[in-house]
Every structure is written in C-alpha cells, then in structure tokens.
Amino acid sequence: WLEPPLRAALGAEFEAVTARLRSRAPVFLRVNAARATRDAAQARLIAEGVATLPHPLAKTALEVTENAERIGQTACFSEGLFELQDAASQAVIQALPLAQGMRALDLCAGGGGKALAMAAAGACVWAHDAAPARMRDLPARAARAGARISMTATPEAPAPFDLVLADVPCSGSGAWRRSPEGKWRLTPEALATLARTQADILDRAAGLVARRGWLAYATCSLLAEENEAQAAGFALRHPGFSLHHQRRISPLEGADGFFLALFARAA
C-alpha cells in the first residue's frame with residue numbers, strides 16, 4: 001500500500017531510493033563547533049584510530065569510514081568534541097536562521113540531538129518532549145558538550161521564542177534502513193493518526209513563536225502527506241506565517257531522508 005504514495009513523492013527516484021533504503025546506514029558524527037573545528041576533530045579521531053571523511057550535507061558532518069565501534073571509547077568523545085548525529089539532521093539545523101543569543105525551542109526534542117546542535121550554534125535553547133523520559137540523557141550530553149539546555153514541561157511558560165523547531169513524530173520512512181521494521185508496522189490508519197498529530201503540533205508551535213520569529217517543521221519522512229501537504233495546510237490555517245523555504249533531503253545524498261519547511265511569522 002505504500003508504493004503509490006512513495007512513487008508520487010519520489011517520482012523518478014523511487015527505484016533508486018528504495019534500493020538505497022535496503023543498505024546499511026552510514027555512521028555520522030556532528031562536530032561540536034563550540035569545542036573544535038571539523039579538521040581538528042578529524043585529526044583527533046584518526047590519532048585514536050577512527051577514520052572519517054567530511055560530508056557535504058553539513059559543515060559539521062563527518063562520516064565514519066573505519067572503526068566506528070571505537071567512537072564511544074575515544075578521549076575526544078568524552079571531551080565533547082562530537083555527537084553521533086545523521087548528516088541530514090545536521091543539514092536541517094544548518095538551514096535554520098540561528099544567531100548568537102537567539103531564544104530557540106526544540107519542541108519535540110527526543111534525545112536532544114538537535115537541541116545540542118542549536119546550542120553549539122550559539123542559541124539559548126529550551127527542550128521539551130511529550131514523553132519527558134526521552135530526554136533523560138540530555139543533561140549528561142549537554143554537560144559533556146559544554147552546552148546549556150533548559151528542559152521545560154510547559155514551553156508556553158518561557159514563550160515566545162525567536163525560533164521554534166518542531167521535528168515531529170512521523171513514519172520514519174526516510175530512515176527505514178536504521179529501523180527497517182518501521183515499514184511493516186506502518187498502516188494507513190497509523191499514517192492518518194500521525195498526520196493529525198503533526199498538524200496539532202504545528203498549531204501549538206505557532207502560538208509559541210514571537211512576532212518576526214521563525215517556525216521550522218521537520219520530519220525524517222519521504223511521504224508528501226507528512227511533508228509538503230502539512231506545510232501547505234499549516235500556511236492555510238495560519239495566514240500570519242509565510243513559507244520562507246522548504247527542502248527535501250533524499251537518501252541519495254548519502255544520509256537519511258529528511259524534510260524541512262521554514263516559516264517566518266509576520267510582525
């Protein structure tokens with residue numbers, strides 16, 4: 001049942017993308033720009049026996065090419081020089097209009113990887129998740145990275161924010177090679193439920209954005225129902241927001257499939 005919507009979304013890339021999603025996912029690192037340059041981190045890693053190559057999707061991305069199993073035992077990991085994070089996720093953060101001192105909220109933070117990346121770019125970051133247990137490792141990760149993340153159960157309290165990132169729950173179709181069981185568990189009914197949840201999160205996020213602020217909507221999905229259709233629906237419901245740009249990252253670019261729509265709120 002997934003073939004028609006995937007074909008509609010991917011067009012001529014359908015065969016190549018679905019073939020790519022059957023291969024093993026690469027291991028990527030995000031260099032902590034607050035602690036090291038990419039070149040310096042790469043040199044430290046090779047000295048500890050881990051080989052990497054810069055990846056073009058993001059200025060902070062390194063793809064591990066040898067000895068990925070050693071990453072967690074390296075001194076540069078314990079010193080907070082890098083985090084494990086897919087290159088497409090890093091590209092999403094790189095595309096945001098982050099600035100030093102900007103108040104930013106990661107509304108669906110999960111483990112907090114994107115919150116940490118925003119903090120490394122100089123933002124003052126709050127993190128929230130509907131399931132707070134998902135963030136249980138975030139304080140330790142933030143301490144290792146030298147980042148300051150404020151975790152909040154009620155993001156309405158510190159609102160408004162200059163930027164709100166809503167990396168919403170989704171089908172995960174862009175990352176099926178990391179969790180291949182996802183394609184078998186997804187049903188039409190589950191996809192419809194996800195779409196309603198995504199719209200609800202976007203509507204909530206809109207109320208947290210300051211005037212002249214930014215709202216970023218992201219998924220690791222390839223399906224138009226979760227991506228372009230959600231962005232278009234949000235624009236219709238919230239005329240005070242205008243679509244600044246949107247981007248679909250294909251697995252053919254070397255990382256996971258991702259989607260980003262960035263909205264600007266009017267004064």
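Modeller: Searching the whole structure turns up 14 salt bridges, where a salt bridge is a side-chain nitrogen of Lys or Arg within 4 Å of a carboxyl oxygen of Asp or Glu. This is a predicted model, in which local features need pLDDT of at least 70 and side-chain atom pairs count only at pLDDT 80 or more, while totals for chains, interfaces and linings use all residues. Residues are numbered from 1 along each chain as its sequence is written, and side-chain values use heavy atoms, with hydrogens and water left out.

Let's begin with Glu3, whose side chain meets that of Arg7 in a salt bridge of 2.8 Å, N to O. Both residues sit in helix H1 (residues 3-10), 4 residues apart, or about one turn of the helix. Helices (H or I, at least four residues) and strands (E, at least two) are DSSP runs, numbered from the N terminus. Glu3 is partly exposed at 42% relative accessible area, and Arg7 is partly exposed too, at 37%; the term lies between buried (under 20%) and exposed (over 50%), using a 1.4 Å probe and protein chains only.

Arg7 also forms a salt bridge with Glu15, at 3.0 Å, N to O.

Now look at Glu228 and Arg248, whose side chains form a salt bridge at 2.9 Å, N to O. Glu228 belongs to helix H10 (residues 228-237) and Arg248 to strand S10 (residues 241-249), so this pair ties together parts 20 residues apart in sequence. Glu228 is partly exposed, at 25% relative accessibility, and Arg248 is partly exposed at 23%.
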